[in-house]
Amino acid sequence: MTLVTLPEPARLKPPDVVALGAHGMRTRPVRAVLSALGIAIGVAAMVAVLAIPASGAQALHDRLAALGTNLLTAGPGQTLFGDTATLPDDAVPMAKRIGPVQAVSGTGTTSANVRRSDKIAPNDSSGLAVYAARPDLLGVLGGKVRAGAFLAAGNQDYPVVVLGSQAAARLGVDHIDPARPPQVLIGTQWFTVAGILAPMPLAPEIERSALVGWDVAERLLGFDGHPSTVYVRAEESQVDSVRSVLAATLNPQAPNEVEVRRPSDALAAQKLTDTTYSALFLGLGGVALLVGGVGVANTMVISVLERRREIGLRRALGATKRQVRGQFLAESVLLSGLGGLAGVLAGVLVTAGYALSQGWPAVLPAGALAGGVGVAALVGAVAGAYPAVRAARLPPTQALA
């Protein structure tokens with residue numbers, strides 16, 4: 001009796017496995033696209049959620065680098081009896097005595113309202129404040145004039161006003177004609193608008209204000225001469241040191257009545273709030289990715305049921321369980337991987353579009369891009385594991401019946 005040795009089953013090379021997986025997708029393209037769509041949506045959401053905050057953080061970093069993080073503001077706090085404190089008249093020159101301080105200026109609050117016309121009720125302030133200011137304020141804040149000019153030493157005692165960006169918008173002043181400059185009513189006195197400021201992220205209170213000269217505010221608006229806010233520029237490496245002594249320097253008799261702040265910290269805190277919302281959307285992207293994985297698993301199970309004859313024929317022609325299992329697992333991974341790739345491209349486009357609309361630099365973390373495709377492929381492997389095992393266990397006779 002002669003024993004016949006059966007040849008070893010041929011091993012499929014990786015390109016062959018990929019070709020078999022792609023064959024199943026090509027035979028049902030609409031179903032493949034719809035299945036990959038769920039994966040693509042989840043990956044796109046996750047990429048955008050990671051990339052958009054990164055772009056915003058870079059924009060914030062660039063903005064702070066341009067504006068400077070060495071600006072400190074000091075204002076009156078509360079007295080021991082709960083009343084609003086007052087800064088001394090010489091608070092600004094006192095701050096200049098601190099060694100690392102580079103520049104100091106201040107503003108003073110007046111009780112006057114600013115109106116576009118005398119037809120508007122005198123008590124209607126439109127949410128705007130009128131501050132007394134000196135010509136060096138703009139340089140300390142690092143601000144820019146969008147139109148016209150800022151206050152000068154020569155017009156400190158004249159009815160001239162400079163409007164913040166938001167104040168100008170609310171008053172309907174969008175440009176300045178040198179021949180006929182616009183006028184606004186402050187208290188009972190008409191003031192000529194000399195300039196309009198550009199936005200000031202580090203001093204939002206200036207954006208909502210009308211700035212007049214220190215002397216004219218005392219003469220016409222009943223200003224008492226006490227500064228309400230002192231702006232200090234210090235050496236970058238000595239900001240914390242200046243901050244620790246600023247209150248005692250401005251008001252030696254009652255340093256506890258002085259509040260010192262660093263405006264750049266507020267912008268950083270705002271970014272932290274944005275990060276919290278990003279974590280929420282990242283979780284939603286993960287849920288969408290999970291739903292897409294369930295859709296892929298469902299597609300693969302249906303594919304196994306529909307292709308029973310194909311599976312039986314392959315097994316009858318000598319395909320091993322491992323080869324059948326690899327075929328369906330490759331199809332699932334390929335399907336999810338292509339969905340992940342499409343999701344990454346969509347996330348990049350969304351990030352670039354949003355960053356462009358906000359004037360931000362588009363930052364695309366390499367980890368998010370590579371991770372999007374990798375996570376999608378992993379989801380496809382997990383989703384296709386059960387259908388692949390089920391296809392491999394299908395007996396050839398039952399599959400061909």
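1. Asp240 and Arg262 join their side chains in a salt bridge, at 3.9 Å from N to O (a salt bridge being a side-chain nitrogen of Lys or Arg within 4 Å of a carboxyl oxygen of Asp or Glu). Because Asp240 belongs to helix α8 and Arg262 to the loop between β11 and α9 (263–306), the pair ties together parts 22 residues apart in sequence. Asp240 is exposed at 55% relative accessible area, whereas Arg262 is buried at 17%. Buried means under 20% relative accessible area, exposed over 50%, and partly exposed in between (1.4 Å probe, protein chains only).

2. This is a predicted model, in which local features need pLDDT of at least 70 and side-chain atom pairs pLDDT 80 or more, while totals for chains, interfaces and linings use all residues. Residues are numbered from 1 along each chain as its sequence is written, and side-chain values use heavy atoms, without hydrogens or water.

3. The buried residues of α8 are Val239, Val242, Leu246, Ala247, Thr249 and Leu250. They lie on the same side of α8, because their arc around the axis is only 160° (taken from the directions from the helix axis to the C-beta atoms). On the face turned away from that buried side are the exposed residues Asp240 and Ser244.

4. By the rule used here there are three salt bridges. One of them pairs Arg219 with Asp157, with the closest N and O atoms 3.0 Å apart. Arg219 is in helix α7 (residues 214–220) and Asp157 in the loop between β5 (145–148) and β6 (160–163), 62 residues apart.

5. Glu259 and Arg261 also form a salt bridge, at 3.6 Å from N to O. Glu259 is partly exposed at 40% relative accessibility, and Arg261 is partly exposed at 39%.

Definitions and conventions: Helix = DSSP H or I, 4+ residues; strand = E, 2+ residues; numbered from the N terminus.
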